[in-house]
Amino acid sequence: MAGRGKLFIVSGPSGSGKSSLINDIVNESDDFVRSISVTTRPKRKDETSGRQYHFISKDEFEELIEKDMLLEWAAYAGYLYGTPKKFVTEKLSKGKNVILVIDVQGAMQVIKKIKDTYLIFITTSSFKELEERIKKRRADSLEEMNKRLEIAKSELNYKKYYDCIIVNNNYNEALLNLKKVLDSKKGRKRHK
Ligand code: 5GP
C-alpha cells in the first residue's frame, strides 16, 4: 500500500529556470507529479491549455475561489494564479509526491495549511544574471519584462523562508542538485 506522499513547493524569480527544471524532473521520474495551476494570464504562443496551465477567465477564477476549490492563489504581474485543491489532496493521499511551482505568496499560504511541506527556492547567483535571462525571453512584452524584474527583486527577500536554495547558474548542475534534494525528502512508500 502506498504511504502519504510529500508536498514540495518550488519558487523562484522569473528567469530562474524553475519550470524547465521541474518539467525535466517529472518527465524522467514516476515518483513526482506536478500540479497544473489555473491562471487568468493570456496563453503564450508556445503554451497549450492543460499543459503548462489551465487558462481560464477572471469569472471562472473567482468562482473557484468562492467554491473553495483552490489550495492557494495569488495575483502576479496583474494576473491571477491558483492551485486546484482536489488534484493535490488526491495525489498526496495516493502516496504520490506532488510539486507545486508557485510564487512566494502562494508558498506562504500553503505552509500554513500543510505543515510538512518542503520548500525549495531556485535562483541565480546574481541579479544581473536573472535580468539578462528575463530580457532574453522574447515571449514577454517590454512592460511585462519590467514588471517581472521588479517582482524578482521582492521575491528574493523570501529566500529565508525556504528549506533549501538551489543556484541555477549551470543548468545540468542545478538539475542534479534538485534531483538529490527531492529524492532525499520524498515520501517513502510503505509495502504490506
Ligand atoms: P508565469 O506567468 O511566468 O508562468 O508565472 C508567473 C509566476 O506565477 C511564477 O512565479 C509562477 O511560479 C507563479 N505561479 C504559477 N502558478 C501558480 C499558482 O498556482 N499559484 C501561485 N501562487 N503562483 C503561481
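Residues are numbered from 1 along each chain as its sequence is written, and side-chain values use heavy atoms, with hydrogens and water left out. Because the model is predicted, local features need pLDDT of at least 70 and side-chain atom pairs count only at pLDDT 80 or more, while totals for chains, interfaces and linings use all residues.

The chain has seven helices and nine strands; helices (H or I, at least four residues) and strands (E, at least two) are DSSP runs, numbered from the N terminus. Along the principal axes, the C-alpha atoms fill a box of roughly 55 × 40 × 30 Å. The radius of gyration of the chain is 16 Å, which agrees with the value near 16 Å for a compact globule with 192 residues. This radius is taken over C-alpha atoms, and the globule rule is 2.2 Å times the number of residues to the power 0.38. Of the 192 residues, 47% count as buried. Buried means under 20% relative accessible area, exposed over 50%, and partly exposed in between (1.4 Å probe, protein chains only). The chain exposes about 10,800 Å², of which carbon and sulfur atoms supply 50%; accessible areas come from the Shrake-Rupley method with a 1.4 Å probe, and for residues only the protein chains shown count as cover. Among contacts (heavy atoms within 4.5 Å) with a separation of 6 or more, 70% join residues 24 or more positions apart.

In soluble globular proteins, nonpolar side chains tend to be buried together. A nonpolar core is here a set of buried Ala, Val, Leu, Ile, Met, Phe, Trp, Tyr and Cys residues joined through side-chain atoms within 4.5 Å. The largest such core has 19 residues, and Ile99, Ile120, Ile166, Leu178 and Leu182 touch the most other members. Two or more residues each come from strand 1 (7-11), helix 1 (18-28), strand 7 (97-101), strand 8 (118-123), strand 9 (164-167) and helix 7 (171-185). Helix 7 gives the largest share, five residues. Leaving aside neighbours within four places in sequence, leucine 178 is in contact with Leu21, Ile22, Ile25, Ile120, Ile122 and Ile166. A second, separate core of 17 residues includes Leu71, Ile102, Met108 and Phe121. Met108 is also one of the buried residues of helix 4, together with Val104, Gly106, Ala107 and Val110. The cover over the buried residues of helix 4 includes strand 1, strand 5 (70-76), strand 7, strand 8 and helix 6 (142-155).

The ligand is surrounded by 16 residues (one heavy atom within 4 Å). The closest are Ser37, Arg41, Tyr53, Tyr81 and Asp103. Polar contacts are pairs of N or O atoms within 3.5 Å; within protein, one must be able to donate a hydrogen and the other to accept it, and residues adjacent in sequence count only if both atoms are side-chain atoms. A polar side-chain atom of tyrosine 53 lies 2.5 Å from an oxygen atom of the ligand. For tyrosine 81, a side-chain N or O atom is 2.6 Å from a ligand oxygen, and for glycine 82 a backbone N or O atom is 3.0 Å from a ligand oxygen. On its own the ligand has 510 Å² of accessible area, and the protein covers 94% of this.

The loop between helix 4 (104-113) and strand 8 holds threonine 117 and isoleucine 114. Threonine 117 is buried, with a relative accessible area of 7%, and a polar atom of its side chain lies 2.6 Å from the backbone oxygen of isoleucine 114. Beyond four places in sequence, threonine 117 is in contact with Leu7, Ile9, Val110, Ile111 and Asp163. Isoleucine 114 counts as buried at 13% relative accessibility, and its contacts beyond four places in sequence are Leu7, Leu71 and Leu92.

Most residues other than glycine have a negative phi. Aspartate 68, in the loop between helix 2 (58-66) and strand 5, has a positive phi of about 55 degrees and is partly exposed at 48%. Alanine 77, in the loop between strand 5 and strand 6 (79-84), has a phi near 50 degrees and is buried at 10%.
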